[in-house]
Amino acid sequence: MRILVIEDEPQLARHIARALSRQEHEVTTEQDGFAGLQAALNHPPEMIVLDLNLPNLDGSSVLAQIREAKSPARVLILTARGEVGDRIKGLKAGADDYLSKPFSMDELVARVEALGRRGMAPTASDLLDVADLRMDVKHRRVSRAGKAVQLSPREFDVLQVLMEEPTRVFSRTELCERVWQREHEYDTRTVEIFITRLRRKIDSQFDVPLIHTLRGRGYTIRPEAALTL
């Protein structure tokens with residue numbers, strides 16, 4: 001993958017670049033927010049490792065502008081340990097995953113590799129349909145009522161899990177295991193954030209919601225008429 005690392009600590013940036021290069025990724029680095037944003041927009045990478053605490057332009061602003069530009073790049077944000085507010089803010093702004101400092105390079109590489117996988121397990125068809133919602137798995141496109149819906153890579157992955165088994169109720173733990181494919185330390189708010197983001201993009205403009213929360217059980221996707229509580 002083409003990976004852009006935006007990290008203002010030179011030594012850490014070098015370590016990250018070296019670890020990813022060993023996995024045969026093409027890595028470039030920038031050490032301030034403005035330069036990182038320009039690199040992301042002028043030479044779009046497939047993956048961005050983004051520190052939130054950056055000079056000139058903070059990481060949250062960089063992330064917001066990257067998503068505003070409709071960049072499909074997957075974004076792994078780096079946060080200080082215990083900075084839950086920054087983590088939640090970053091996920092709401094469109095990040096796909098996070099890693100708290102300090103971290104091991106093995107863990108960072110594992111996170112990057114997991115984010116880089118395109119899609120879940122192979123499906124019987126490249127097209128998934130639930131009511132007027134359609135997903136093109138092969139080309140990673142989503143539309144509702146014929147209108148394109150722009151999703152981040154992680155939002156796409158969460159929605160794919162739901163659409164592959166419509167009417168099935170997935171607990172928060174099941175969604176984490178299916179999407180992140182590992183034991184994960186996320187608190188429940190993380191899953192809720194991605195569901196909220198999907199609802200805003202998929203259901204907010206339509207009279208019939210497709211994504212539902214079943215209190216105490218989890219989440220499901222199905223037409224409202226088919227929902228039995």
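Which side chain does a polar contact of 2.7 Å join to that of Asp129? The partner is Arg134, and a polar contact here is a pair of N or O atoms within 3.5 Å, where within protein one must be able to donate a hydrogen and the other to accept it, and where residues adjacent in sequence count only if both atoms are side-chain atoms. This is a predicted model, in which local features need pLDDT of at least 70 and side-chain atom pairs count only at pLDDT 80 or more, whereas totals for chains, interfaces and linings use all residues. Residues are numbered from 1 along each chain as its sequence is written, and side-chain values use heavy atoms, with hydrogens and water left out.

**Overall make-up**

- The chain contains eight helices and 11 strands, which are DSSP runs numbered from the N terminus (helices are H or I with at least four residues, strands are E with at least two).
- Of its 229 residues, 49% count as buried, a word that stands for under 20% relative accessible area, with exposed meaning over 50% and partly exposed in between (1.4 Å probe, protein chains only).
- Among contacts with a separation of 6 or more, 60% come from residues 24 or more positions apart, a contact being heavy atoms within 4.5 Å.

**Around Asp129**

- Asp129 belongs to strand 6, residues 127-130, and is partly exposed, with a relative accessibility of 41%.
- Leaving aside residues up to four places away in sequence, Asp129 touches Arg134 and Met163.
- Although Asp129 and Glu164 are 35 residues apart along the chain, their C-alpha atoms are separated by 8.8 Å.

**Salt bridges**

- The model has 19 salt bridges, each defined as a side-chain nitrogen of Lys or Arg within 4 Å of a carboxyl oxygen of Asp or Glu.
- One of them joins Glu9 and Lys101, with N to O at 3.5 Å; because Glu9 lies in the loop between strand 1 (2-6) and helix 1 (10-21) while Lys101 lies in strand 5 (residues 97-101), this pair ties together parts that are 92 residues apart in sequence.
- Glu9 is partly exposed at 40% relative accessible area, whereas Lys101 is buried at 17%.
- Another is formed by Arg140 and Asp157, whose closest N and O atoms are 3.0 Å apart; it links Arg140, in the loop between strand 7 (133-136) and strand 8 (141-144), to Asp157 in helix 6 (residues 153-164), 17 residues apart.
- Both partners are buried, Arg140 with a relative accessible area of 17% and Asp157 with one of 3%.
- Glu155 and Lys201 also form a salt bridge, with closest N and O atoms 2.7 Å apart; since Glu155 lies in helix 6 and Lys201 in helix 8 (residues 188-202), the pair ties together parts 46 residues apart in sequence.
- Here Glu155 is buried at 2% relative accessible area, while Lys201 is partly exposed at 33%.
- Through shared partners, salt bridges join Arg74, Asp97, Glu107, Arg111, Arg140, Arg154 and Asp157 into one network.

- In helix 2 (residues 33-42), the buried residues are Gly33, Gly36, Leu37, Ala39 and Ala40; seen down the helix axis they fall within an arc of 165°, so they line one face of the helix, the arc being that of the directions from the axis to the C-beta atoms.
- The buried residues of helix 2 pack against strand 1, strand 2 (26-30), strand 3 (47-51) and helix 3.
- Asp32 caps the N-terminal end of helix 2, with a side-chain oxygen 3.0 Å from the backbone nitrogen of Phe34.
- In helix 3 (residues 59-68), Gly59, Ser60, Val62, Leu63, Ile66 and Arg67 are buried; they fall within an arc of 160° seen down the axis, so they line one face of helix 3.
- Asp58 caps the N-terminal end of helix 3 through a side-chain oxygen that lies 3.0 Å from the backbone nitrogen of Ser60, and Lys70, which follows the helix, has a positive phi near 65°.

**His212 and an aromatic ring**

- His212 sits in strand 10 (residues 211-214) and is buried, with a relative accessible area of 8%.
- The side chain of His212 reaches two backbone oxygens, that of Leu210 at 3.4 Å and that of Arg222 at 2.8 Å.
- Arg144 lies over the face of Phe206, at 4.2 Å from the ring centre, where a charge sits over a ring if NZ of Lys or CZ of Arg is within 6 Å of the ring centre and within 35 degrees of the ring normal.
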